[in-house]
Amino acid sequence: NMTTKLESEIPRHLGIIVDGNRRWAKRHGIPVYEGHLAGRNTLLEIMPSFFDHGVEFVTLYLFSTENWSRTRDEVRRLINVIMRVISEDLHIFHELDIRLRVLGAPDARLSKKIMATIKNAEEVTLDHKRGTIAVCFNYGGQQEIADAVKKIVNDGVKPEDITVELISQNLYAPDIPSIDMVVRTSGEQRLSNFMLWRAAYSELMFIKKSWPDMTKDDVTDILNEYNKRHRRFGG
């Protein structure tokens, strides 16, 4: 029976370049900070949908190494919103049985308090089984590869023993697999240094909506689009 062959193909790992909070705020004539807060609400609202459909990993690009170039005030407020997600909103991760990971480069500009908040969030959600939300925070795709190379050199690996597999094993959170599809909101069509190693074979999907306008229906659309492409090209 052919119909059983066409069952939904669910991406194991979705990467999302969260974009458009600032533009959304401007369009609504409200401060940029309110746009980031709206983005946080959207994240918490639609997050369960991914896991309801069977996605295992969702990686969110929330703060890139390039974001430090924004005004000091915006940087401080953006970090503040992300910290609220991984501290005040932790109970939601518990309720949904979702593990939280934070991926990025250590940085002297990040306070001890911030680092402790990150460590705590990772530790207390460690055993959650339903899925993983990975937050890219002070993250750059090229930096991640450079950091992997540093580790390999520090381990004294001979050049002839360096393989693609070995580099994969030395990335941040190496147990998080390759990305099946990268989704970017707000109409821009760039990778912006997001998970370059893991996105090597990803499908790419660009959505015109700003992140704060995303809903659970958009999650369904993303998964349907992946399914369509996968059926068309997938082996």
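Accessible areas were computed by the Shrake-Rupley method with a 1.4 Å probe, and for residues only the protein chains shown count as cover. On this basis, the protein chain exposes about 12400 Å², of which carbon and sulfur atoms supply 52%. The structure is a predicted model, in which local features need pLDDT of at least 70 and side-chain atom pairs count only at pLDDT 80 or more, whereas totals for chains, interfaces and linings use all residues. Residues are numbered from 1 along each chain as its sequence is written, and side-chain values use heavy atoms, with hydrogens and water left out.

The secondary structure of the protein chain consists of 8 helices and 6 strands; these are DSSP runs numbered from the N terminus, with helices (H or I) of at least four residues and strands (E) of at least two. The order of the elements from the N terminus is β-α-α-β-α-α-β-α-β-α-α-β-β-α.

Along the principal axes, the C-alpha atoms of the protein chain fill a box of roughly 60 × 55 × 35 Å. The radius of gyration, taken over C-alpha atoms, is compared with a globule rule of 2.2 Å times the number of residues to the power 0.38. For 235 residues a compact globule would have a value near 18 Å, and the protein chain agrees with this at 18 Å. Of the 235 residues, 50% are buried, where buried means under 20% relative accessible area, exposed over 50%, and partly exposed in between (1.4 Å probe, protein chains only). A contact requires heavy atoms within 4.5 Å; among contacts between residues at least 6 apart in sequence, 76% join residues at least 24 apart.

Helix α3 covers residues 72-86, and its end C-alpha atoms are 21 Å apart. The expected span of a helix is 1.5 Å times one less than its number of residues, so the 15 residues of α3 should span 21 Å, in agreement with the model. Buried residues in α3 include Leu 78, Ile 82, Met 83 and Ile 86.

Two of these residues, Met 83 and Ile 86, are in contact with Thr 117, as is Ser 87, when neighbours of Thr 117 within four places in sequence are left aside. Thr 117 is found in helix α5 (residues 112-124) and is buried, because its relative accessible area is 18%.

Ser 64, in strand β2 (residues 57-64), counts as buried because its relative accessibility is 8%. Apart from neighbours within four places in sequence, Ser 64 is in contact with Asn 138 and Tyr 139.
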